[in-house]
Amino acid sequence: MSDRLCTVLLYSDDPEVRDRMRLAVGTRPAPGLQIEFVEAADYAGCVRLVDEYEIDLLLLDGEATPGGGIGIARQIKDDRDDAPPTCVVIARAADRWLAAYAEVDATLVHPLDPVTTGTTVAELLRRTPAAA
């Protein structure tokens, strides 16, 4: 059986945060899953990548500026019937209510724990059929 190749969009205005997200997820977060990453540093780039690629999961930085991941998640969910699952990385656990309002599928808290991050990403990807 071959691994399912999944495309994960990493969004943050900070390249170091994108690097930390990539490292926390890894290229094989669970048996049977292989990850390729695409990256966006701003809102327009994020939306463009969602439009141009078959994205399996959005991993968004809730602390990014000027467009935070929670707002982007909500906008994409509102605009698209086929929005991919979203996971937002937040700085304060208290911001989970905002993520719930934005219909985010999962939240993670900075600093990212690789075990929790990999498990969360794998669960989200397994719940969703492969992008066509």
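Residues are numbered from 1 along each chain as its sequence is written, and side-chain values use heavy atoms, with hydrogens and water left out. Because the model is predicted, local features need pLDDT of at least 70 and side-chain atom pairs count only at pLDDT 80 or more, while totals for chains, interfaces and linings use all residues. Helices (H or I, at least four residues) and strands (E, at least two) are DSSP runs, numbered from the N terminus.

- An unreviewed UniProt entry places the feature "domain: Response regulatory" at residues 7–125; UniProt annotations may be inferred rather than shown by experiment.
- Over residues 7–125 the chain is 42% helix and 23% strand, with the end C-alpha atoms 10 Å apart.
- The unreviewed UniProt entry also gives "modified residue: 4-aspartylphosphate" at D61, a residue found in strand β3 (residues 57–61).
- D61 has 3% relative accessibility and counts as buried (buried means under 20% relative accessible area, exposed over 50%, partly exposed in between, with a 1.4 Å probe and protein chains only).
- Not counting residues up to four places away in sequence, D61 touches Y11, S12, D13, V17, G68, G69, V89 and H110; contact means heavy atoms within 4.5 Å.

**Helices α2 and α3**

- The axes of α2 (residues 43–52) and α3 (residues 69–79) come within 11 Å and cross at roughly 35 degrees; axes are lines fitted to C-alpha atoms, for helices over the stretch in contact, and angles run from 0 to 180 degrees between N-to-C directions.
- Y43, C46 and V50 of α2 meet I72, Q75 and I76 of α3.
- The residues of this contact divide into five nonpolar, one polar and no charged; Ala, Val, Leu, Ile, Met, Phe, Trp, Tyr, Cys and Pro count as nonpolar, Asp, Glu, Lys and Arg as charged, and the others, Gly among them, as polar.

**Cysteines**

- A search of the whole structure finds zero disulfides, a disulfide being a pair of cysteine sulfur atoms within 2.5 Å.
- C6 is in no disulfide, and the nearest cysteine sulfur, that of C87, is 14 Å away.
- The sulfur of C87 is 13 Å from the closest cysteine sulfur, in C46, which is too far for a bond.
- C6 is buried, with a relative accessible area of 0%, and C87 is buried at 0% relative accessibility.

**Backbone details**

- Most residues other than glycine have a negative phi, and most peptide bonds are trans.
- A cis peptide bond joins T65 and P66, with omega about -5 degrees; P66 is in the loop between β3 and α3.
- Another cis peptide bond joins H110 and P111, with omega about -10 degrees.
- E103 has a positive phi, near 60 degrees, and lies in the loop between α4 (96–101) and β5.
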